[in-house]
Amino acid sequence: MKTSPTGLALIQKFEGFEPQIYTDAAGYPTIGYGHLIRAGENFAHGISHEQAVRLLQQDVAVAERAVARLIRVPLTQSQFDALVSFTFNLGSGALQRSTLRQKVNRGEHAEVPPEFMRWVWAGGRKLRGLIRRRAS
């Protein structure tokens, strides 16, 4: 399964585009649409929008593979998009360790939205942006 254009647009909306390196809410060096800068990557001169979209597509593909590996039940496109957005934002380890994943895999659909809302903290602070993102 692949993230839909709507799911990709949601990630772009909440990440926002930044052509220069910045520190995200959790304190990590980031660029583009929430791309975490890894060792050996050099963006000292910034990136173009096109480069940011390519990085986003690569990062989303990693999140898609994690969701496919960790979720054992069929998903609707919207459910898949939401889990990819979550995994893109927090990483596959967070999804793997989460009660959210357990509830999805048990088919406890009514209990999933409150689980998303538990993940609204970054850098020790509850963030309005994360509250809006999880609600979406």
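Predicted model: local features only at pLDDT ≥ 70, side-chain atom pairs only at ≥ 80, totals over all residues.
Residue numbers start from 1 along each chain as its sequence is written. Local features need pLDDT of at least 70 and side-chain atom pairs count only at pLDDT 80 or more, while totals for chains, interfaces and linings use all residues, and side-chain values use heavy atoms, with hydrogens and water left out.

View 1. A pocket here is an open set of points on a 1 Å grid over the protein atoms alone, where a 1.4 Å probe fits, with protein on both sides within 12 Å along at least five of seven lines.

View 2. Helices (DSSP H or I, at least four residues) and strands (E, at least two) are numbered from the N terminus. At least two lining residues come from each of α1 (5–15), β3 (35–36), α2 (49–70), α3 (77–90), β4 (121–122) and α7 (128–135). The largest share, four residues, belongs to α3. By class, the lining has 16 nonpolar, eight polar and six charged residues (Ala, Val, Leu, Ile, Met, Phe, Trp, Tyr, Cys and Pro are nonpolar, Asp, Glu, Lys and Arg charged, the others, Gly among them, polar).

**View 3. The second largest pocket.** This one comes in at about 190 Å³. Among its lining residues are Leu75, Ser78, His109 and Phe116. Both α3 and α6 (112–116) give two or more residues, and α3 gives the most, with four. Seven lining residues are nonpolar, three are polar and none is charged.

How values were computed
1 Å grid on protein atoms, 1.4 Å probe; cavity = no way out; pocket = protein on both sides within 12 Å on 5 of 7 lines; lining within 4 Å. Points joined across faces, edges and corners; volume = space filled by probe spheres on them.
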